[in-house]
Amino acid sequence: MFLFPAFLIYTAFVIVSIVWAGYYSFFDWSGVGEKVFVGFKNYAELLTQDTVFRSTVWHTIIYTIINVAIQVFGGLLFAILLSRIKKGRVALQTLYYIPVVISSVAICQIFTKLFSVTPIGIINQILSFVNPSFKFMEWISNPQISLYVTAFVEAYKYLGLYMVIFYAALIGVPDELGEAALIDGAAVWQEYLYVKIPYIKPVIIANCLLVLNGSLRSFEFSYLLTHGGPGNASELMTTYMYKQAFSSMKYGYGSSVAIMIVIICMVVGMLFRKFTGGGDDE
């Protein structure tokens, strides 16, 4: 009974949407007018002929790896450092958490100004002291690094969230475990490596799964910062789906991309749980 209201809302807004997207994916449809049934033609074209979609899958994998590395392992590192601080801990914790509560649009606008070339942004101004050629370094419009910049911006926004989660997990580790390790001659870094981090392993796995799921479905940062460009250099599966459905008016084809995103997310999630033992009973 307690789960039913949430289950009803989830079904109405997620499950039903997926079912309808699956239905539309079998049609050649612009979103308005008559639908023409084409069967699996959209999927065949998507998997065999669409080179852009294949590149967006690779981009999304790279994007996800960067976000997992920064958000999860960076958040864990910040949480460890925070747990060692005695004075000013609350102020630092609040400072690190501020980007989480700022909207994605505002974060993207801030970094657009920081990475600006005309006028020169603060990032290039600082780097120009090291090497004058960095003064006109392109970040967002550089096809070689635009994907990495976009991934970094999203990771920066949510780093504080996972830092707080890890910090709460670390302070929940029984003190006697760490004290016993120190009495046995372990160094501080060994205390964390062999005692505290293994103790919070379920939290690490859960956070990795959350970041995996969120990064595979990420949309706003790529769209707001680069619009998937330049060209398709930072195009993700979600931005490609949006462009196909609403910019190119190929609603049926866009729906097939959406279903592929759902399938990929489910497969990656299940594989991750299998290899990390997330499905085992604790």
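Mentor: The following dialogue goes from the overall layout to individual residues. Please keep in mind that this is a predicted model.

Trainee: How many helices and strands does the chain have?

Mentor: One begins with the secondary structure. The chain has 13 helices and 2 strands. Its C-alpha atoms fill a box of roughly 75 × 60 × 35 Å along the principal axes.

Trainee: Which residues have the most contacts inside the largest nonpolar core?

Mentor: A nonpolar core is read as a set of buried nonpolar residues whose side chains are joined. The largest one here has 21 residues, and those with the most contacts inside it are Val-72, Phe-166, Ile-200 and Ile-204. Helix 3, helix 7 and helix 10 are the elements that give two or more residues to this core. There is also a second, separate core of 16 residues, which includes Phe-115, Leu-147, Leu-225 and Leu-236. As for Ile-204, leaving aside neighbours within four places in sequence, this residue is in contact with Val-72, Leu-76, Phe-166 and Ile-197.

Trainee: How many salt bridges does the structure hold?

Mentor: For this feature one looks for side chains of opposite charge, with nitrogen and oxygen within 4 Å. The structure holds 2 salt bridges. In one, the side chains of Lys-196 and Glu-191 meet at 3.5 Å, N to O. Both Lys-196 and Glu-191 are buried. In the other, Glu-235 and Lys-243 meet at 3.0 Å, N to O.

Trainee: Why does Glu-235 count as buried?

Mentor: Buried means under 20% relative accessible area. Glu-235 counts as buried because its relative accessibility is 1%.

Trainee: Which side chain of opposite charge is nearest to Lys-157?

Mentor: A charged residue should be read together with its surroundings. Lys-157 is placed in helix 7, residues 146-171. Lys-157 is buried yet has no salt bridge, and the nearest side chain of opposite charge, Glu-220, is 7.2 Å away. Not counting residues up to four places away in sequence, Lys-157 touches Pro-99, Val-100, Ile-102, Ser-103, Ser-104, Ile-107 and Phe-221.

Trainee: What covers the buried residues of helix 12?

Mentor: In helix 12, residues 237-247, the buried residues are Met-237, Thr-238, Thr-239, Tyr-240, Gln-244 and Ala-245. Their cover includes helix 3, helix 10, helix 11 and helix 13. Tyr-223, in helix 11, touches Thr-239 and Tyr-242, not counting residues up to four places away in sequence. Tyr-223 is partly exposed, with a relative accessible area of 23%.

Trainee: Where are the cis peptide bonds that join Thr-118 to Pro-119 and Gly-229 to Pro-230?

Mentor: Here one reads the omega angle. Between Thr-118 and Pro-119, omega is about 0°, and Pro-119 lies in the loop between helix 5 and helix 6. From Gly-229 to Pro-230, omega is near -5°, and Pro-230 lies in the loop between helix 11 and helix 12.

Trainee: What is the phi of His-227, and what is that of Met-249?

Mentor: His-227 has a positive phi of about 55° although it is not a glycine. His-227 lies in the loop between helix 11 and helix 12 and is partly exposed, with a relative accessible area of 44%. Met-249, also not a glycine, has a positive phi near 55°. Met-249 is found in the loop between helix 12 and helix 13, and its relative accessibility of 40% counts as partly exposed.

Conventions:
Residues numbered from 1 in each chain as written. Predicted model: local features only at pLDDT ≥ 70, side-chain atom pairs only at ≥ 80, totals over all residues. Heavy atoms only, no water. Helix = DSSP H or I, 4+ residues; strand = E, 2+ residues; numbered from the N terminus. Buried < 20%, exposed > 50% of the residue type's maximum accessible area, 1.4 Å probe, protein only. Lys, Arg positive; Asp, Glu negative; His and termini not counted. Contact = heavy atoms within 4.5 Å. Core = buried A, V, L, I, M, F, W, Y, C linked by side-chain atoms within 4.5 Å.
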